[in-house]
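Me: Can you walk me through this one? I'd like to know what sits next to what.
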Amino acid sequence: MVNNTDFAKRLHKILHEYELSASSFADKIHVGRATISHILSGRNKPSLDFVMKVVQTFPQVDIYWLLNGKGTFPKTDFPNPSTPLTSPPIPEKNSESGTQSTLKKNTSPSLESVLKQSSGPSKIKRIVIFMEDGTFESYDAT
């Protein structure tokens, strides 16, 4: 269960880290200013929708840290916010064959190969993939 006072302290830490006022933070995550005020004062508990908006808008905020203080903020495995993220290379034009791709193929194992590798008494029953936009896909191993 989320402790309102501790959650508010962690929210204050986020505001301080990003140098935001409560109202600019509310605008940034698209919630009402009263919502932020009530959470910061400890009057209301944050909704799941509120928490998800925070972690989606600020990728350096770890959801487990935000909810119960476990983990770190900012995330240690996330790039520095001042470092720009690089985009994948653009395929080069080759006069002989049209387009020559410089992109690497996805070398992740396929679902089928993962399912075949599961052995012993515990077998994979279902794999769920969560997308950045909050949707998910579920694959049953049957």
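Me: Which residues does Phe50 touch, leaving out residues up to four places away in sequence?
Reply: This is a predicted model. In it, Phe50 touches Phe7, Leu11, Phe25, Ile29, Val31, Thr35, Ile36 and Ile39, with residues up to four places away in sequence not counted.

Me: How many residues are in the largest nonpolar core, and which have the most contacts inside it?
Reply: That core has 20 residues. Those with the most contacts inside it are Ile14, Phe25, Phe50, Val54, Val61 and Leu66.

Me: Which elements give two or more residues to this core?
Reply: Helix 1, helix 2, helix 3, helix 4 and helix 5. As a general point, nonpolar side chains tend to be buried together in soluble globular proteins.

Me: Switching to rings. How many aromatic pairs are there?
Reply: The structure holds 6. Take Phe25 and Phe58: their ring centres are 5.5 Å apart and their planes are at 15 degrees, so this pair is stacked. Planes under 30 degrees apart count as stacked.

Me: Where in the chain are Phe25 and Phe58?
Reply: Phe25 is in helix 2 (residues 22-29). Phe58 is in the loop between helix 4 (48-57) and helix 5 (63-68).

Me: Are Phe25 and Phe58 buried or exposed?
Reply: Phe25 has 0% relative accessibility, so it counts as buried. Phe58 is buried too, with a relative accessible area of 3%. The cut-off for buried is under 20%.

Me: What about Trp65 and Phe73?
Reply: They form a stacked aromatic pair, 4.8 Å centre to centre, with 15 degrees between the planes. Both Trp65 and Phe73 are buried. Ring pairs link Tyr18, Phe25, Phe58, Trp65 and Phe73 into a cluster.

Me: New topic: helix 1. Which of its residues are buried?
Reply: Asn4, Phe7, Ala8, Arg10, Leu11, Ile14 and Leu15. They cover an arc of only 160 degrees around the axis, so they are on the same side of helix 1.

Me: Why would spaced-out residues point the same way?
Reply: An α-helix has 3.6 residues a turn, so residues three or four places apart point the same way.

Me: And which residues are exposed on the other side of helix 1?
Reply: Lys9 and His16 are exposed there. The buried residues of helix 1 pack against helix 2, helix 3 (33-40), helix 4 and helix 5.

Me: What happens at the start of helix 1?
Reply: A side-chain oxygen of Asn3 reaches to within 2.9 Å of the backbone nitrogen of Thr5.

Technical notes. Residues numbered from 1 in each chain as written. Predicted model: local features only at pLDDT ≥ 70, side-chain atom pairs only at ≥ 80, totals over all residues. Heavy atoms only, no water. Phe/Tyr/Trp six-rings, centres within 6.5 Å; stacked < 30°, edge-to-face > 60°. Helix = DSSP H or I, 4+ residues; strand = E, 2+ residues; numbered from the N terminus. Buried < 20%, exposed > 50% of the residue type's maximum accessible area, 1.4 Å probe, protein only. Arc of directions from axis to C-beta. Contact = heavy atoms within 4.5 Å. Polar contact = N/O pair within 3.5 Å; in protein donor to acceptor, adjacent residues only side chain to side chain. Core = buried A, V, L, I, M, F, W, Y, C linked by side-chain atoms within 4.5 Å.
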